[in-house]
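This report describes a single protein chain from its computed geometry. The sequence and the structure are displayed below.

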Amino acid sequence: MHELIMILIEHTLQRELFLIPRSGTASSEGTSGGYFCSIWTDGNSDVAYLNGAEGRYSISWGGDGDFVGGKGWSTGSTHTLLTGDSYLSVYGWFTSPLAEYYIVESWWGYDSSSTRTYKGTVTSDNLVYDIYINVRTDASSIEGTARFNQYWSIRQATRTSYTVTTSNHFSAWENLGLESGTFNYQIVAVEAFNQGSRSTAVTVS
């Protein structure tokens, strides 16, 4: 079982730069500090991803596109996470069947529930999350362009320090008929949708 710690502000992350310009490479994956790292963009954002020592990374971005990136594990599992206040989610993929998932902990400016189908709630670590499903058709995935489900747990309330037990979410999804497959990669991710220029930094441990 891994424990993850998120830190909102860092100023020393200056190694292993991934710079993904507008209309650049769609995605990059690798390892850094003993962790798997991944960055994906739709090509409409100017994104600079920097790996720091061990579990540290930072992202700066601008433009009007979509990206998601972070550090974690090449094969996901159940984890207990301790996080800080920023726009963050536990993000990953299942295969067989193919599904993309988010456990959203903090956000700004984008209501990710607005186009999803509500399925219920789960109470985990003394917090209530709303559960949604969304079907993506002809969308980018780890298996190329495909049709797949997205599973979402979105925290109802925000606070600056909290624990996330991912197994509670996976179990709740299964109980609501949201089928889990085989774990593919899992990261603690920053994602932005048409949000102008921002930056943040995260430590995974």
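The sections that follow cover the basis of the model, its overall make-up, its confidence, and selected local features.

## Basis of the description

The structure is a predicted model, in which local features need pLDDT of at least 70 and side-chain atom pairs count only at pLDDT 80 or more, while totals for chains, interfaces and linings use all residues. Residues are numbered from 1 along each chain as its sequence is written, and side-chain values use heavy atoms, with hydrogens and water left out.

## Overall make-up

The protein has 16 strands and one helix. These elements are DSSP runs numbered from the N terminus, with helices being H or I of at least four residues and strands E of at least two. Of its 205 residues, 52% count as buried; buried means under 20% relative accessible area, exposed means over 50%, and partly exposed lies in between, for a 1.4 Å probe and protein chains only.

Among contacts with a separation of 6 or more, 66% are between residues 24 or more positions apart; a contact means heavy atoms within 4.5 Å. The accessible surface comes to about 9,000 Å², and carbon and sulfur atoms account for 45% of that area. Accessible areas come from the Shrake-Rupley method with a 1.4 Å probe, and for residues only the protein chains shown count as cover.

## Confidence of the model

The mean pLDDT of the protein is 74, and 67% of the residues reach 70 or more. This score is the predictor's confidence in each residue, from 0 to 100.

Where pLDDT is low, the predicted coordinates should not be read in detail.

Strands β11 (residues 117-124) and β12 (residues 127-139) pair in the antiparallel sense over seven bridges; two strands pair if DSSP finds at least two bridges between them. Thr 117 has Ile 133 in β12 as its bridge partner, and Tyr 118 has Tyr 132 in β12. Two residues lie between the strands of this hairpin, where Asp 125 takes a positive phi near 55°.

Strand β12 also pairs in the antiparallel sense with β13 (residues 146-155), over nine bridges. Tyr 129 stands opposite Arg 155 in β13. The hairpin of β12 and β13 has six residues between the strands, and Gly 144 in its turn has a positive phi of about 90°.

## Backbone exceptions

Most residues other than glycine have a negative phi, and most peptide bonds are trans. Ser 96, which is not a glycine, has a positive phi of about 55°, and a cis peptide bond with omega of about 10° joins Ser 96 to Pro 97. Pro 97 is placed in the loop between β9 (88-95) and β10 (99-106), and Ser 96 also has its place in the loop between β9 and β10. Ser 96 is exposed, with a relative accessible area of 64%.

Asp 138, in strand β12, likewise has a positive phi, near 50°. Asp 138 counts as exposed, at 66% relative accessibility.

Lys 71 is found in strand β7 (residues 66-73). Is this residue buried or exposed? Lys 71 is buried, with a relative accessible area of 0%.

A polar atom of the Lys 71 side chain lies 2.5 Å from the backbone oxygen of Glu 54, and a polar atom of this side chain is 3.4 Å from the backbone oxygen of Gly 52. Lys 71 and Glu 29 are 42 residues apart in sequence, with a C-alpha to C-alpha distance of 9.8 Å.

## The helix

Helix α1 spans residues 166-175, and its buried residues are Thr 166, His 169, Phe 170, Ala 172 and Trp 173. They lie on the same side of α1 because they cover an arc of only 165° around the axis. The arc is that of the directions from the helix axis to the C-beta atoms. Gly 177 follows α1 and has a positive phi, near 85°.

How values were computed
Polar contact = N/O pair within 3.5 Å; in protein donor to acceptor, adjacent residues only side chain to side chain.
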